[in-house]
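Welcome! Please take a moment to look over the chain below, and then we can walk through it together.

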Amino acid sequence: VLTACTLVIAVAGIGMVITESRLSVRHDQLVSECSDAVASMNRNRERLEGLVAVDLNIDGSVLDGKRAGRYESLRTIRRAPSIQCDATLRNRQLESNTAKARKQASAYVEQSKRVAAFRKKYDKTRSEKSRRDDMTRLSSDLRAARDLLDRTAGMELSVPYLRSRLADTVEQAEPFDGADDADHRRVSALADTLEDLMNQVRENAGL
């Protein structure tokens with residue numbers, strides 16, 4: 001009986017040692033997982049801060065009400081929570097802290113995606129607006145250039161070829177006026193050239 005009891009106790013003792021060893025290994029794993037999750041959370045927040053500083057470095061006053069609100073929301077970065085991963089914590093607390101860090105890390109990633117999408121839409125809208133503005137500017141410049149050519153017809157300019165250059169530029173720009181598929185950069189360049197030549201012609205004509 002004593003022998004049997006001794007064997008039972010020995011087996012139980014070995015079982016407890018194995019269980020404690022496994023629990024210790026699991027505890028160490030949880031400490032490592034928690035630390036990794038916190039580090040990932042902080043890295044994702046730093047990436048988000050950099051993205052916001054670059055992609056949201058725009059004039060928010062030009063946005064409409066809905067986009068202005070979204071812009072302000074995206075610029076607001078939630079502070080990373082203080083999460084402990086000390087080895088003194090119990091497994092359940094470590095698991096809870098790990099889950100919290102991972103959740104916040106994912107939130108930073110999702111906000112980064114929203115910031116990138118917002119900037120993409122903003123650039124597209126700005127490009128379309130810039131194109132419309134340049135098309136309007138070209139039309140206005142063409143009308144002004146034609147009027148200036150009529151007003152200076154027969155005048156002797158100190159630099160005669162300026163008027164010819166203006167007339168040639170008007171001819172080059174006319175096909176782009178109102179064209180839906182007009183190259184934005186070309187339209188902008190033609191408008192700039194027209195304005196520069198008109199200023200020179202006016203100066204030479206004393207207007």
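## A first look at the chain

Of the 207 residues of this chain, 29% count as buried, where buried means under 20% relative accessible area, exposed means over 50%, and partly exposed lies in between (1.4 Å probe, protein chains only). Please keep in mind that this is a predicted model: local features need pLDDT of at least 70, side-chain atom pairs count only at pLDDT 80 or more, and totals for chains, interfaces and linings use all residues. Residues are numbered from 1 along each chain as its sequence is written, and side-chain values use heavy atoms, with hydrogens and water left out.

The chain has five helices and zero strands, and from the N terminus on its elements run α-α-α-α-α. Helices here are DSSP runs of H or I with at least four residues, strands are runs of E with at least two, and both are numbered from the N terminus.

Met41 belongs to helix α1 and counts as buried because its relative accessibility is 1%. The C-alpha atoms of Met41 and Val109 are separated by 9.2 Å, although the two residues are 68 apart along the chain.

Val52 also sits in helix α1. With a relative accessibility of 11%, Val52 is buried. From C-alpha to C-alpha, Val52 and Val115 are 6.9 Å apart in space, while 63 residues separate them in sequence.

Helix α3 holds Thr98, a residue that is buried at a relative accessible area of 3%.

Is Arg45 buried or exposed? Arg45 is buried, because its relative accessible area is 18%. Its place is in helix α1, which covers residues 2–55.

A polar atom of the Arg45 side chain lies 3.2 Å from the backbone oxygen of Arg78. Arg45 also forms a salt bridge with Glu49, and the closest N and O atoms of that pair are 2.1 Å apart. A salt bridge here is a side-chain nitrogen of Lys or Arg within 4 Å of a carboxyl oxygen of Asp or Glu. Both Glu49 and Arg45 lie in helix α1, four residues apart, which is about one turn of the helix. Glu49 is partly exposed, at 33% relative accessibility.

## Salt bridges

How many salt bridges are there by this rule? The count comes to 12.

| Pair | Closest N and O atoms |
|---|---|
| Arg26 and Glu33 | 3.7 Å |
| Glu49 and Arg45 | 2.1 Å |
| Arg137 and Asp192 | 2.9 Å |

In the pair of Arg26 and Glu33, Arg26 is partly exposed at 31% relative accessibility, and Glu33 is partly exposed with a relative accessible area of 28%.

The salt bridge between Arg137 and Asp192 has its closest N and O atoms 2.9 Å apart. Arg137 lies in helix α3 and Asp192 in helix α5 (residues 184–205), so this pair ties together parts that are 55 residues apart in sequence. Arg137 is partly exposed, with a relative accessible area of 23%, and Asp192 is partly exposed too, at 42%. Salt bridges that share partners join Arg137 and Asp192 with Asp134 and Glu195 into one network.

Which residues form the positive surface patch? Lys66, Arg67, Arg70, Arg114 and Lys121 make it up. Patches are made of residues with over 30% relative accessible area and no salt bridge, with like charges joined within 9 Å (nonpolar side chains, namely Val, Leu, Ile, Met, Phe, Trp and Tyr, are joined within 5 Å). Lys and Arg count as positive and Asp and Glu as negative, while His and the chain ends are not counted. The place of a charge is taken as NZ of Lys, CZ of Arg, CG of Asp or CD of Glu. Accessible areas come from the Shrake-Rupley method with a 1.4 Å probe, and for residues only the protein chains shown count as cover.

The elements that give two or more residues to the positive patch are α2 (65–75) and α3 (91–151). Helix α2 supplies the largest share, three residues. Arg70 lies in helix α2 and is partly exposed, since its relative accessible area is 41%.

Notes
A polar contact is a pair of N or O atoms within 3.5 Å; within protein, one must be able to donate a hydrogen and the other to accept it, and residues adjacent in sequence count only if both atoms are side-chain atoms.
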